[in-house]
Amino acid sequence: MQINDFKIVVDSSADIKEFGEIPFGVAPLKIITDTMEYIDDDSLNVSGMAEDLSGYSGKSSTACPSPIDWLKAFGGSKYIFCITITSGLSGSYNSAVIAKNDYEEQNKDKKVFVIDSLSTGPEMVLIAEKIREYILSGLDYEDICKKIKEYQKNTALIFMLESMRNLANNGRVSKLAAKAAGILGIRAVGIASEEGTLKLLEKSRGESKAHTAIIDIIKKSGYNGGKIKIGYCINLEGAEKLGKRIKAELGFEPLIYPLGGLCSFYAEKGGLIIGFEK
Ligand code: X90
């Protein structure tokens with residue numbers, strides 16, 4: 001199998017723009033308000049959108065890629081690894097499975113492996129990077145399918161949110177859970193559950209206590225020097241503060257980057273999403 005036989009395809013909640021030497025594709029999600037439709041692709045001004053939305057009180061929602069969007073992203077590749085945002089919160093996975101069945105029906109010699117990340121953002125990046133590593137090390141398609149399922153058991157996601165308004169308004173968390181994060185100064189800290197939904201663990205008063213809670217969760221997971229990535233929504237300063245503490249307390253310097261459109265819509269201003277290897 002040649003490198004060009006493979007393709008890694010993700011939906012835009014993974015926030016990956018380009019992916020080096022391996023063929024790569026993205027299926028965009030959309031953010032929809034009464035007056036605007038934002039397509040979560042390279043041309044989106046994410047912080048502009050997040051600022052617009054923080055002062056917007058009308059209706060807003062999101063939409064996952066359609067099977068046709070996924071088919072476009074598959075292109076014509078022979079072995080495709082397709083990573084979706086959690087099926088616990090989005091139709092993206094179901095849509096990708098429909099596209100896979102169609103693609104394999106039309107092209108008997110081609111294969112698509114759809115991976116439900118049960119997560120989003122930085123945890124999807126970890127999965128994609130591991131698949132790239134496997135491809136570059138010369139593993140074949142079937143081996144990668146098996147190994148990546150194992151790898152997923154070793155990755156996790158933490159969120160820290162100052163507001164859960166968009167999550168609650170779109171039915172992704174209960175109104176009750178969202179209330180805590182709505183109080184000024186309180187940050188909701190939690191993890192992606194095994195079912196791929198939000199599990200709230202702490203309501204921390206103040207940034208520093210929230211960062212302590214995040215570091216404790218990483219430590220308790222049995223952390224052993226693996227990769228850590230921090231995505232932020234209009235909160236570079238907070239991400240860097242957390243990054244410094246992680247470096248000092250866990251000995252790993254995390255990669256810090258701005259979240260894309262979909263994750264920013266739900267994480268909202270001030271939000272952080274941390275993906276790591278346990
Ligand atoms: O299909 C769609 O319209 C997309 C729906 C996505 C809903 C939730 C996205 C959450 C993004 C929030 C913090 C991380 C929580 C991860 C839990 C699995 C970011």
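Two strands are taken to pair if DSSP finds at least two bridges between them. Helices (H or I, at least four residues) and strands (E, at least two) are DSSP runs numbered from the N terminus. The structure is a predicted model, in which local features need pLDDT of at least 70 and side-chain atom pairs count only at pLDDT 80 or more, whereas totals for chains, interfaces and linings use all residues. Residues are numbered from 1 along each chain as its sequence is written, and side-chain values use heavy atoms, with hydrogens and water left out.

Strand S11 (residues 228-232) has two pairing partners among the strands considered here. With strand S13 (residues 272-277), S11 forms five bridges in the antiparallel sense, and Ile228 stands opposite Phe276 of S13. With strand S12 (residues 255-258), the pairing of S11 is parallel and extends over four bridges; here Lys229 faces Leu255 of S12. Between S11 and S12 the chain passes through helix H9 (residues 236-250), in a β-α-β crossover that is right-handed (with the strands pointing away from the viewer, the path from the first strand over the helix to the second runs clockwise). S11 is mostly covered, five of its five residues being buried (under 20% relative accessible area; exposed is over 50% and partly exposed in between, with a 1.4 Å probe and protein chains only). Ile228, Ile230 and Tyr232 are buried on one side of S11, and Lys229 and Gly231 on the other.

An open sheet of three strands has the order S4-S3-S5, and its pairing is antiparallel. Strand S4 (37-39) and strand S5 (60-63) are the edge strands, each pairing on one side only. On average, neighbouring strands of this sheet are turned by 20° against each other, direction ignored (axes are lines fitted to C-alpha atoms, for helices over the stretch in contact, and angles run from 0 to 180 degrees between N-to-C directions). Strand S3 (residues 30-33) is joined to S4 by three bridges, and Lys30 has Ile39 as its bridge partner in S4. Asp42 lies in the loop between S4 and helix H1 (46-54). Asp42 counts as exposed because its relative accessibility is 61%. The C-alpha atoms of Asp42 and Pro28 are 9.6 Å apart, with a sequence separation of 14 residues.

Pockets were located on a 1 Å grid over the protein atoms alone: a pocket is an open set of points with protein on both sides within 12 Å along at least five of seven lines, a cavity is a set of points where a 1.4 Å probe fits but cannot get out, and lining residues have an atom within 4 Å of a point. Grid points are joined across faces, edges and corners, and a volume is the space filled by probe spheres set on the points.

The largest pocket has a volume of about 600 Å³. Its lining comprises 25 residues, of which Thr155, Ala156, Ile191, Ala192 and Lys278 are the closest to the centre. This lining divides into ten nonpolar, six polar and nine charged residues (Ala, Val, Leu, Ile, Met, Phe, Trp, Tyr, Cys and Pro count as nonpolar, Asp, Glu, Lys and Arg as charged, and the others, Gly among them, as polar).

The second largest pocket holds about 390 Å³ of space. Among its 27 lining residues, Ile85, Leu89, Thr120, Leu167 and Tyr266 are the closest to its centre. The largest share of this lining, four residues, comes from H10. The lining of the second largest pocket contains 18 nonpolar, eight polar and one charged residue.
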